[in-house]
Amino acid sequence: MSDQVETAELFGAFHARGDAIADACTRCGDCFNACPMTGPAGIGDADPNATAGAIVDLITGGEGNEDAVRWTEACSGSGYCIPACKHGINPRFMVQLARGFARRNTGNTPLATRWRQGFQMMSRGVRVLSRLQMPPETLARFAPPRDERSSPPDVVFYTGCNVLKTPHIALLCLDILDLLGVDYEVMGGVGQCCGVYQFRAGDFLSNNKMAYATIDGLASAGASTVLSWCPSCQISIGEVSLPNYELQFGEKPFDLNPFLTFLADRADQLALMMKRRVEKRIALHERPVFPEVTAAVKKLLSVLPGAELVEIDVPRVGTQANSLAQLPEFKRALVQRELAAVADAGVTTLATIYHACHREICDAGDGRSFEVVNFMELLGEGLGLDSEDLYKRLKQVRDIDEIIEETAPLIDAHRLDLDTVRDALAFEFGAKAGG
């Protein structure tokens, strides 16, 4: 296949899907009205019909308008727009596709360089932070050698990239699969990225190349089901790249499902395995991105002995914490409102669900009347699985020199370069040497 033909086929899937959306969309604006980000983004008074029409213009090669471009930049992936659409469209994909086209229309920087620095910094952070928390033999659980099999595994557990910064969460996932007797393979890491960095930058060609390589890698295990941990990966592969792949090759090689819904389907089995009571009043740090995941977490909490779920009346917005970065003041106000509501409710525990949220607020319980843990820690506690949140420990230390001293054996074991470690810690925690 020539480079020109390959480029046309890879890029063509986005054009074809954009054209199909344009044919189905009535420009009614229901998706715009359902979006929680329009007000904070300063476009709450924009005309919904005209803005939806401008989104369609963007995904079909036009320039859109200022309100539409602003909407694409503010999109946090909440997903409230999906049930609001009565025409079979996924408006979350539509708006995020429009964002990519809008970004392609601006700037003189080559597309391939727009995402590269962010991707490289993420890759460095994952590599360093994971190794400061796990010895080589534990890290090897996430990259096991491919064994010769007589039959495919039951499932593939796809970690994505960033969860390995908080490896205790992913390790608990594997431990629980072991308890359930599930035959699985683990894949993920920056070498099997979902392509979200490229998609956000509008580099659709690089997105498809990276995502298709990951899809082929996941499919190579032969399992019909792949379980994703990361909601960004679930969107990027499940809503962006798998449909592109199916459009180009005629079939999907597997179904991609959130890990926690898989666990919830086995809640009765897990209930019989509980070993400890978890006497805690628990509020959830919820995200609306996948309502079925929130429902799954609540179902699993219901079989946790001693656990009491306390509903907190706060806005639920975004995919993960990092999806709100484009509106920092709005994001900060949401966090403060939630922490105040949790304290007022008298709960003992605020439980995060997703890893990026956990990284952001894991230390927010310091000096408050409640702790902050990840939901998987609670589930693991009930099942008798011990875990330690070393990411929280590193974040609480903050001082780079102290962290390096504390993790020196792991730095040596992994042969990490000290300058790279310092740079990664400074970027992750905003820490400084000697302060």
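This is a predicted model: local features need pLDDT of at least 70, side-chain atom pairs count only at pLDDT 80 or more; totals for chains, interfaces and linings use all residues.
Asn244 belongs to helix α13, and, once its neighbours within four places in sequence are set aside, it is in contact with Ala13, Phe14, Arg17, Asn208 and Tyr212.

## Helix α12

Asn208 and Tyr212 are among the buried residues of α12, together with Phe204, Asn207, Ala211, Thr214, Ile215, Gly217 and Leu218. Helix α12 covers residues 204-219, and its 16 residues should span 22 Å at 1.5 Å a residue, which agrees with the 22 Å that separates its end C-alpha atoms.

## Packing of α6 against α13

Helix α13 (residues 231-249) also meets helix α6 (residues 91-104), their axes coming within 11 Å and crossing at roughly 95°; the two helices are therefore roughly perpendicular to each other. On the α6 side the contact is made by Arg92, Phe93 and Gln96, and on the α13 side by Ile235, Glu239 and Val240.

## The parallel sheet

Four strands form an open sheet in the order β6-β5-β7-β8, with parallel pairing. The edge strands, each pairing on one side only, are β6 (308-309) and β8 (371-374). Strand β5 (residues 281-285) runs parallel to β6 and is joined to it by 2 bridges, and Ile282 has Leu309 of β6 as its bridge partner. Helix α17 (residues 328-345) packs on the sheet, where it touches β5 and β7 (349-352), and its direction makes about 165° with that of β5.

Methods. Residues are numbered from 1 along each chain as its sequence is written. Side-chain values use heavy atoms; hydrogens and water are left out. Axes are lines fitted to C-alpha atoms, for helices over the stretch in contact, and angles run from 0 to 180 degrees between N-to-C directions. Angles under 35 degrees count as roughly parallel, over 145 as roughly antiparallel, 65 to 115 as roughly perpendicular and the rest as oblique. Contact means heavy atoms within 4.5 Å. The expected span of a helix is 1.5 Å times one less than its number of residues. Buried means under 20% relative accessible area, exposed over 50%, partly exposed in between (1.4 Å probe, protein chains only). Two strands pair if DSSP finds at least two bridges between them.
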